[in-house]
Amino acid sequence: MSLASSHVTYEVTVTNNMDEELLAPVLVAPVSEDGKIFVERYVSPEAEHQILTGDPGMLAEAIGEDAAVAHGMDGPPGVLLAPGKSITFEVASHAEEVRVLAMVAPTMYEDHYVTAVVQLNGEPMSIGLDRFDIGYDEGRKTIEPVADAVATVQVNAKQSY
């Protein structure tokens, strides 16, 4: 039986590599749910809400039970991930790939987020989370890349069931 067809629990660690900016709560969901995150060259209303407010609740609800959310413990309101810090949490999934998504707190820019697609094949993996601008405050409402690997996500399989 392949790992993709069975539920596997993964330990996920997200590290903020930025010098000054904080990350808002992190959402993890199967890539098969990307249609609930991205719409053409922009994001869905639920993803826009997460990217503009830092609250992944609407997007997690739209995705359903396959979504996982993790919070840091820094900054007001105590759910952010400060520079140089990490959070570790568990995700149970049968997906072959998951997307990791978090808002960059709007202390410097109002509409930036980080994301990456992570392969879940049972092997330990570490990948950079790239930074993007959705163009909301500029009025263009199209996604543009900003910087590579401003945060890191590491994934390790723990067990299957």
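**Figure 1. Phe89 and its contacts in the predicted model.** This close-up comes from a predicted model. Beyond its neighbours up to four places away in sequence, Phe89 touches Tyr10, Glu11, Val12, Val14, Val26, Val28 and Ala70. Look for Val14 in particular: Val14 and Phe89 touch the most other members of the largest nonpolar core, which has 28 residues. Strands S1 (8–16), S2 (23–30), S5 (68–70), S6 (86–93), S7 (97–104), S8 (112–119) and S10 each give two or more residues to this core. Another core, of 16 residues, lies apart from it, and its members include Tyr42, Ile63, Ala67 and Leu101.

**Figure 2. Arg131, an arginine in strand S9.** Is Arg131 buried or exposed? Its relative accessibility is 6%, so Arg131 counts as buried. You can find Arg131 in strand S9, which covers residues 125–133. Leaving out neighbours within four places in sequence, the contacts of Arg131 include Met18, Glu21, Tyr109, His112, Pro145 and Val150.

Figure 3. Arg140 has a relative accessible area of 28%, so Arg140 is partly exposed. Tyr42 is 98 residues from Arg140 in sequence, yet their C-alpha atoms are 9.6 Å apart in space.

Figure 4. Lys141 is not a glycine, but its phi is positive, near 45°. Lys141 sits in the loop between S9 and S10, and its relative accessible area of 40% makes it partly exposed. Glu40 also has a positive phi, of about 55°, without being a glycine. Glu40 lies in the loop between strand S3 (38–39) and strand S4 (42–43). With a relative accessible area of 80%, Glu40 is exposed.

**Figure 5. The peptide bond from Pro76 to Pro77.** Which form does this bond take, cis or trans? The bond from Pro76 to Pro77 is cis, with omega near 10°, while most peptide bonds are trans. To find Pro77, look in the loop between S5 and S6.

Note on methods:
Residues numbered from 1 in each chain as written. Predicted model: local features only at pLDDT ≥ 70, side-chain atom pairs only at ≥ 80, totals over all residues. Heavy atoms only, no water. Helix = DSSP H or I, 4+ residues; strand = E, 2+ residues; numbered from the N terminus. Buried < 20%, exposed > 50% of the residue type's maximum accessible area, 1.4 Å probe, protein only. Contact = heavy atoms within 4.5 Å. Core = buried A, V, L, I, M, F, W, Y, C linked by side-chain atoms within 4.5 Å.
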